[in-house]
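Here is a short tour for anyone opening this structure for the first time. Have the sequence and the 3D view at hand, and follow along from one spot to the next.

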Amino acid sequence: MGNSLKIEGLSRNFGSVIALDDFSLTIKKGELVSLLGPSGCGKTTALRIVAGLERASSGEITLNDKKITDVPAHKRNMGMVFQSYSLFPHLTIEENVAFGLQMRREPKEKRIGKAGELLELVGLTTQHKRFPHQLSGGQQQRVALARALAIQPEVLLLDEPLSALDAQVRQNLREEIRRLQVELNTTTLFVTHDQEEAMAISDRVGVMSHGKLEQIDTPDELYNRPATLFVASFIGAMNRIPTQLKDGEVEVLGEKHSVKNHNEKDGNVTALIRPESIELLHDSTYHNAVVVTRSFLGASSRITVRIGDGSILQSLMPSSDSMELHPGDLVQAVITDKKVLITNA
Amino acid sequence: MMNFRKNLDANIALAIAAIFLFLPLIAATEFSLRDGGTEKHSLISYRWILDQSGFSENLGITMRVMALAVILTLVLMVPTVTWLHLGGEKYKRLIDVLTMLPLIIPVVALATGAQLALPGFVHGTVYELSFLYVVVSMPYTYRALDIGMSARPLATLVAAARNLGASWINVMLRVIVPSILPSIFAALFMTITLSLGEFTLAQLLHWNTFPTWITNISQQNILGATALAVGSLFFAWVLLYIFTFLDRQPTQSAVNEE
């Protein structure tokens, strides 16, 4: 047990562009950590450096207390699943899964046995004699996952493995990745730009921006206590309401709220409010907003309202509580959180 | 109705192309089978070829020149084009242009100019032709390989193989070469057909090869010359067929949705 993968002070520049800036991260044995961020934030660069497919300009990587910064990719024993289809087109599914074992000079019977075992784990036993192009995208990624796991990797690296798939397959496969990862207790680094994906299956999520790790925390912490404005606006939807900070309080929608983060100076600030923290009261006598649209999403509905200063807010309410809201209705918008998050930006 | 008309046009075009292509071939084959000035058909002209002195000797020379050209093409072109696809992209445009040069430079200039650049040990041997054939076939071999590699996500395949523990040698031999095998065969076929039929360079540099021998003996016997031409053509077809047969990879996409 103990620390499995430790990344310290990793940097990488491409000419004058800084792709990765003093990036540090420790992943415990059996943990699934996601790196989440917009494209170009350095998450894939970080993953490729861990895999040994790219070199860091500076920094160090340690795996189970052994330095691997200079170990070539083919000796790192890390399984990787890529964004684009990466199966070897000239090999059958079984041969693809057994490739890593073949490179390790395992005897043929053992290779076939192990490949069969993994294909069973990903539910593709009957397809083992087929070629990659005869499988659908989702099946190909399952095989790629089986291939990466066949070498019993110290670390499993997932580089947006679901982004080329359609929504339904994507959701099934992400649950399956999580199931296998927990079952095999494989330390996993998962790179994605899809926050729902990251939040759904990760033990911890690291949010990245401009080559830096902005915050790394459990999905709940990230959502409820974002450390930076970037994290706050990147994770989930967020209403931004300009207001004044005075004596640790802000006035939002006509009511005073104390703030969660006290480190801001008095003066102009922006209050950050989640849509689900805004409730719209239809039968109130006091009105401060007018309904603009209502979109039915199933159990909940998203309602947009215009407030006094002309700006638009989003509210997320149970559909059953918002049935009577129609565009043009006057309502009272109330913030249900006692404490709100602010930023001086 | 539109569709039918479209098909009709296409079929007429196809028929004209087929006549254009096959009629001379059929005529040449029939002609090569004539028994002297008579109405009868026989293999006499083909037997005549085998009886000519120098047949096996010159064919042997051409075969050896061809074999070296094939090896050189494999060793030089496959790694080069692979490198262009795996990190040398910025040179690709330059190489694209460079590989066209053999089509533009007059053969005489190529023969004398390229000779100067050849390694010393091939000077004065017939194998200098192999090096020149590699150059002359380059516009075709380069493109065949380039297309084959462009059709594969080569960088990802290499990354996957490295990640699974493959050394660079294994990456090359077990991943890159097999996954672009059809285009390697296509490239080699270009080199082979060119080596089998190239006349100008051999003649300019005063080497006796199979094509120069054919030219010489065809002046003695027109039926024999036609038989030779038809024979070479069928030989090339057989080669092409063998290559297609060797490429057993299924190419038909049969996606099976989940």
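## A histidine out in the open

Let's begin with His206(B), which is exposed, with a relative accessible area of 70%. (Exposed means over 50% relative accessible area, buried under 20%, and partly exposed in between, using a 1.4 Å probe and protein chains only.) You'll find His206(B) in the loop between α11 (200-204) and α12 (210-218) of chain B. Helices here are DSSP runs of H or I with at least four residues, strands are runs of E with at least two, and both are numbered from the N terminus.

The backbone is worth a look too: phi of His206(B) is near 60°, a positive value in a residue other than glycine. Most residues other than glycine have a negative phi.

## How to read the model

This is a predicted model, where local features need pLDDT of at least 70 and side-chain atom pairs count only at pLDDT 80 or more, while totals for chains, interfaces and linings use all residues. Residues are numbered from 1 along each chain as its sequence is written, chains are lettered from A and ligands numbered from 1 in the order in which they are written, and side-chain values use heavy atoms, leaving out hydrogens and water.

## The barrel in chain A

Now over to chain A, where five strands form a closed barrel in the order β11-β12-β13-β20-β14, with mixed pairing. (Two strands pair if DSSP finds at least two bridges between them.)

Take β14(A), residues 267-273: it is mostly covered, with five of its seven residues buried. On one side, seven bridges join β14(A) to β11(A), residues 239-246, and the two run antiparallel; Thr243(A) has Val269(A) as its bridge partner there. Three bridges also link β14(A) to β20(A), residues 339-343, again antiparallel. Across that pairing, Leu272(A) stands opposite Leu341(A), and Ala271(A) faces Ile342(A).

## A loop off the barrel

Asp247(A) sits in the loop between β11 and β12 (249-252) of chain A. Asp247(A) isn't a glycine, yet its phi is positive, at about 55°. Is Asp247(A) buried or exposed? At 65% relative accessibility, Asp247(A) counts as exposed.

## Between two helices of chain B

Back in chain B, Met100(B) is found in the loop between α4 and α5. With 32% relative accessibility, Met100(B) counts as partly exposed.
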